[in-house]
Amino acid sequence: MKLKGSEIICETLLHEGVDLLFGHPGGAILPFYDALWSYPQLRHILVRHEQAAAHAADGYARVTGKVGVCVATSGPGATNLVTGIMGAKADSVPLVAITGQVARASLGSEAFQECDTCSIVAPCTKRTFMVMSAGDLAPTLHEAFQIAREGRPGPVLVDVPRDVQLEEAEFEFPETPSKPDAPLSAPLSDEVLEEVQNAARLISEAKRPIIISGHGIIASGASQELKQLAEVTGIPVITTLLGLSGFPGNHPLSLGMLGMHGMYWSNMAVDQADVIVGLGMRFDDRVTGRVSTFAPHARIIHLDIERDQVGRNVPVEVPLVGDAKAVLKALVPLVKKAEVPDWIEHIETLKRDHPSLAIPNSDMLQAQHVFRDLNELLQENPESVVVTGVGQHQMWAAQFLFFDRCNSFVSSGGLGAMGFELPASMGVQAGLPNTSVWCIAGDGGFQMTLQELATISEEKLPVKIALFNNGHLGMVRQWQEMYFQNHLKAVPIPGPDYIKLAQAYGLEAVRVTDREDVMPALRQAQESKGPFLIEFVVDPSANVYPMVPPGGGLADTIEDPAVAGGAQAGP
């Protein structure tokens with residue numbers, strides 16, 4: 001069957017199980033968009049900015065288990081994708097980006113909208129391809145999808161010159177594609193099985209054990225195996241930011257998040273532990289604080305799918321390299337109940353004496369009040385998914401929301417991209433059309449991608465937006481206040497009238513300034529059939545606690561002075 005290159009791209013996408021893509025057209029990718037006319041099976045969502053296409057594909061991939069697909073033209077279209085592509089790389093999200101390129105004869109001539117996309121994007125991807133022949137499109141795209149899925153998932157970019165999209169070639173799909181959600185099924189090696197035995201032995205010797213669970217548990221579908229490990233051993237579970245929702249937040253063994261803004265008791269438990277079982281996480285700086293002081297008494301077991309990650313940041317006694325689901329299945333039968341009552345009681349004392357979730361008394365609406373009410377609503381609607389941006393609101397969401405359903409929390413972790421929340425919410429909602437999706441936004445990040453309100457409106461995506469407006473870049477203001485002599489420079493960030501803005505795009509919207517109006521507004525949004533925005537006008541001076549100071553270790557965690565030591569807290 002002879003087809004144009006643009007048609008071969010469409011056929012290959014269908015063979016790979018793609019039914020949705022996010023993009024923005026332009027000259028160098030127009031042949032592909034012309035071919036889409038004949039492929040109604042491929043739903044295309046027109047974003048208003050290419051960065052949003054990458055973030056939306058990221059959100060879609062995280063909650064569906066499929067490879068997210070985004071499309072852009074050459075030059076600025078491709079470079080606008082870079083932030084979202086790098087975010088997917090940092091957070092191990094399978095994504096394929098397809099970009100147009102100038103015609104082959106014009107390459108290297110500084111033609112209109114030409115840039116060396118592959119060189120620009122190479123450090124942000126697992127692999128990049130420039131396809132110079134229409135006959136190579138199908139095998140190259142197939143390989144791109146395979147690479148995006150396999151091992152530690154991540155983004156792949158395929159750059160296609162305009163004339164290659166117009167060139168005709170014989171189309172024959174190279175082989176039956178693997179399913180997007182196919183689990184890794186290779187048997188564990190003898191080397192790994194031996195280390196599993198060592199891990200079981202070390203766990204049995206522990207007097208102060210802790211499990212730290214990361215995003216790899218979610219990515220490998222190993223939440224049930226993690227739960228079994230915790231329940232069989234009785235070892236408490238702490239999560240990283242992206243590990244949230246990998247272990248039930250309301251479980252008696254759940255201690256919440258650790259790290260820079262983690263729970264005080266979680267940070268102290270890790271600092272005092274004698275054995276740490278790190279599962280599907282990287283021991284990055286936001287988790288460890290000052291590495292030289294991290295868990296000074298602990299012998300560490302580290303499970304990761306990438307060999308290079310194991311022992312990269314902290315010394316490891318037992319390395320476990322492999323898929324988390326497979327390794328935990330081998331480990332669980334080898335462990336037994338940890339008889340550590342003094343350790344469990346010590347952690348309970350830490351929780352009682354250091355109330356990290358207490359809210360200071362104030363006459364102003366506090367963001368924490370909103371999150372406490374939202375958490376109550378989410379407990380009534382456990383199928384909901386929460387998507388956050390980056391900043392103070394992200395940390396409060398991580399602290400105050402308790403996720404019992406696996407993979408119900410989506411956030412930009414490794415890259416920390418402001419503006420992620422709105423487009424990623426679109427991708428989540430498009431991937432899970434019958435699920436309630438809450439977009440948690442700060443007014444700073446929201447202004448970076450608020451143009452996507454038009455996309456949400458056009459596509460009738462019933463995203464519920466909780467916008468926290470404190471009139472500042474809140475996390476930056478907090479750091480300037482605490483560590484830069486209160487030199488508040490370039491952090492006040494006035495915005496538009498968000499209610500009028502939402503209504504201009506066709507969204508229902510309300511503003512909340514008082515504590516008693518929070519839950520009624522949340523319920524109004526939840527019950528609405530369409531997209532809905534709530535602007536919460538919150539205290540502009542509030543800081544996020546607990547906090548590990550810059551250059552400090554977990555043992556240096558600062559508590560909120562208003563509630564430290566069990567001080568009186570607000571309702």
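## His-251 and its surroundings

Once its neighbours within four places in sequence are left aside, His-251 is in contact with Lys-227 and Glu-231, where contact means heavy atoms within 4.5 Å. His-251 sits in the loop between strand S10 (237-239) and S11, with strands (E, at least two residues) and helices (H or I, at least four) taken as DSSP runs and numbered from the N terminus. With a relative accessible area of 15%, His-251 counts as buried, a word used for values under 20%, while exposed is over 50% and partly exposed lies in between (1.4 Å probe, protein chains only).

This is a predicted model, in which local features need pLDDT of at least 70 and side-chain atom pairs count only at pLDDT 80 or more, while totals for chains, interfaces and linings use all residues. Residues are numbered from 1 along each chain as its sequence is written, and side-chain values use heavy atoms, with hydrogens and water left out.

## The second largest pocket

The second largest pocket has a volume of about 230 Å³. On a 1 Å grid over the protein atoms alone, a pocket is an open set of points with protein on both sides within 12 Å along at least five of seven lines, whereas a cavity is a set where a 1.4 Å probe fits but cannot get out, and lining residues have an atom within 4 Å of a point. Grid points are joined across faces, edges and corners, and a volume is the space filled by probe spheres set on the points.

Of the 18 residues that line this pocket, Gly-249, Ser-254, Leu-255, Gly-256 and Phe-402 lie nearest its centre. Strand S11 (254-257) and helix H16 (392-400) each supply at least two residues of the lining, and S11 gives the most, with four. The lining is made up of eleven nonpolar residues, six polar and one charged, where Ala, Val, Leu, Ile, Met, Phe, Trp, Tyr, Cys and Pro count as nonpolar, Asp, Glu, Lys and Arg as charged, and the others, Gly among them, as polar.

## The enclosed cavities

A search of the whole structure finds two cavities of 30 Å³ or more. The largest cavity holds about 110 Å³ of space, and among its 16 lining residues Ser-356, Ala-358, Tyr-545, Asp-560 and Val-563 lie nearest the centre. Helix H16 provides the largest share of this lining, three residues, and the lining as a whole divides into ten nonpolar, four polar and two charged residues.

The second largest cavity has a volume of about 40 Å³. Eleven residues line it, of which Glu-16, Gly-17, Val-18, Lys-66 and Val-67 lie nearest its centre, and this lining comprises six nonpolar residues, one polar and four charged.
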